Amino acid sequence: MKLGIVKGSVVASKKAGNTDGRKILIVELLDDAVKETGTTAACIDTTGAGNGDVVVLVSSSSARLTKLTKNVCTDNTIIAIVDNVTSNGKCLYRAADKNGN
């Protein structure tokens, strides 16, 4: 599993049969300090994530193990929208902080 931040979306007028109706988002991967890495991935979204959301994504065969992606040709799937990230007792990210709360 990896952390990432949603940077945008993909609009495709034609998709392979089993990807029809599935939202594709562009996610920039984050490092262990929850900082942007410059590396991006196109991901099938299973959570309703939006621009600026920090998300958990899975890759490879794990990307096809959710109810919404079973037998779908994807290598990256968003499986969670992150509320908080802590490490060694220190809060590295809080979704409420990005919304001004």
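This is a guided tour of the structure, giving at each stop what to select and what is found there.

The model is predicted, so local features need pLDDT of at least 70 and side-chain atom pairs count only at pLDDT 80 or more, while totals for chains, interfaces and linings use all residues. Residues are numbered from 1 along each chain as its sequence is written, and side-chain values use heavy atoms, with hydrogens and water left out.

**First stop: a hairpin**

Select residues 84-87, strand 6, together with residues 90-94, strand 7. Strands here are DSSP runs (E, at least two residues), numbered from the N terminus. The two run antiparallel and are joined by four bridges; strands pair if DSSP finds at least two bridges between them. Ser-87 has Lys-90 of strand 7 as its bridge partner. Two residues separate the strands of this hairpin, and Asn-88 in the turn has a positive phi of about 50°.

**Second stop: the nonpolar cores**

Next, select Val-6, Leu-25, Val-27, Leu-29, Ala-41, Cys-43, Ala-49, Val-55, Leu-57 and Ile-78, the ten residues of the largest nonpolar core. Such a core is a set of buried Ala, Val, Leu, Ile, Met, Phe, Trp, Tyr and Cys residues joined through side-chain atoms within 4.5 Å. Buried means under 20% relative accessible area, exposed over 50%, and partly exposed in between (1.4 Å probe, protein chains only). Strand 2 (24-30), strand 3 (36-45) and strand 4 (54-59) each give two or more residues to this core, and strand 2 provides the largest share, three residues. Another core, of nine residues, lies apart from it and includes Ile-5, Val-54, Tyr-93 and Ala-95.

The structure holds four salt bridges, each a side-chain nitrogen of Lys or Arg within 4 Å of a carboxyl oxygen of Asp or Glu. Select Lys-7, Glu-28 and Glu-36, which are linked in a network of these bridges. Between Glu-28 and Lys-7, the closest N and O atoms are 3.7 Å apart. Glu-28 lies in strand 2 and Lys-7 in strand 1 (residues 2-10), so this pair ties together parts 21 residues apart in sequence. Glu-28 is buried, at 10% relative accessible area, whereas Lys-7 is partly exposed at 39%. Lys-7 also meets Glu-36 in a salt bridge (3.0 Å, N to O).

Finally, select Lys-23 and Asp-45, whose closest N and O atoms are 3.2 Å apart in another salt bridge. Lys-23 lies in the loop between strand 1 and strand 2, and Asp-45 in strand 3. Lys-23 is partly exposed at 36% relative accessibility, while Asp-45 is buried at 9%.
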